[in-house]
Amino acid sequence: SETGPAYIAGIRVRDVITQLDGIPTPDMATFLTLLWTYSVSDTVEVQYHHGKVMLKTSVKLAERHH
């Protein structure tokens, strides 16, 4: 969603998240498993590829809305 924490932090649909807090996330399963270890309102450092550029940002986690 265009109002979600990741979007606000600058992460877009085609970007590839490679690390959460320095822990590699080589696939979506690893990423999701790691993500669920955090709590709402935690701030996570996210490293990601935007095209050929490697970027880092901090994302404050929000509650998921269904």
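User: Two strands pair if DSSP finds at least two bridges between them. In what sense do β1 and β2 pair, and over how many bridges?

Analyst: β1 and β2 pair in the antiparallel sense, over two bridges. Strands (E, at least two residues) and helices (H or I, at least four) are DSSP runs, numbered from the N terminus. This is a predicted model, in which local features need pLDDT of at least 70 and side-chain atom pairs count only at pLDDT 80 or more, while totals for chains, interfaces and linings use all residues. Residues are numbered from 1 along each chain as its sequence is written, and side-chain values use heavy atoms, with hydrogens and water left out.

User: What lies between β1 and β2?

Analyst: The two strands form a hairpin with two residues between them, and D21 in the turn has a positive phi of about 50°. Within the pairing, Q19 has P24 of β2 as its bridge partner.

User: Which residue in β3 stands opposite Q19?

Analyst: That residue is Q47. β1 also pairs with β3, in the antiparallel sense and over four bridges.

User: And how many bridges join β3 and β4?

Analyst: There are eight, again in an antiparallel pairing, with β4 covering residues 53-60. β3 and β4 form a hairpin with two residues between them, where G51 in the turn has a positive phi of about 65°.

User: Changing topic: how many salt bridges does a search of the whole structure find?

Analyst: The search finds one. A salt bridge is a side-chain nitrogen of Lys or Arg within 4 Å of a carboxyl oxygen of Asp or Glu. The side chains involved are those of E45 and K56, at 3.7 Å from N to O. E45 lies in β3 and K56 in β4, so the pair ties together parts that are 11 residues apart in sequence.

User: Is K56 buried or exposed?

Analyst: K56 is exposed, with a relative accessible area of 54%, and E45 is partly exposed at 35%. Buried means under 20%, exposed over 50%, and partly exposed in between (1.4 Å probe, protein chains only).

User: Which residues make up the largest nonpolar core?

Analyst: The core has 11 residues in all: I11, L20, F31, L34, L35, Y38, V44, V46, Y48, V59 and L61. The elements giving two or more residues to this core are α2 and β3. A nonpolar core is a set of buried Ala, Val, Leu, Ile, Met, Phe, Trp, Tyr and Cys residues joined through side-chain atoms within 4.5 Å.

User: Where does L20 lie, then?

Analyst: L20 lies in strand β1, residues 16-20, and is buried at 2% relative accessible area. Leaving aside neighbours within four places in sequence, L20 is in contact (heavy atoms within 4.5 Å) with residues including T25, F31, L34 and Y38. The C-alpha atoms of L20 and L34, 14 residues apart along the chain, are separated by 7.8 Å.

User: What about T25: buried or exposed?

Analyst: T25 counts as buried, at 5% relative accessibility. Its place is in the loop between β2 (23-24) and α2.

User: Last one: which residues make the nonpolar surface patch?

Analyst: M28, L32 and W36 make this patch of about 360 Å². Patches are made of residues with over 30% relative accessible area and no salt bridge, with like charges joined within 9 Å and nonpolar side chains (Val, Leu, Ile, Met, Phe, Trp, Tyr) within 5 Å. Accessible areas come from the Shrake-Rupley method with a 1.4 Å probe, and for residues only the protein chains shown count as cover. W36 is exposed at 60% and lies in the loop between α2 (28-35) and β3 (43-50).
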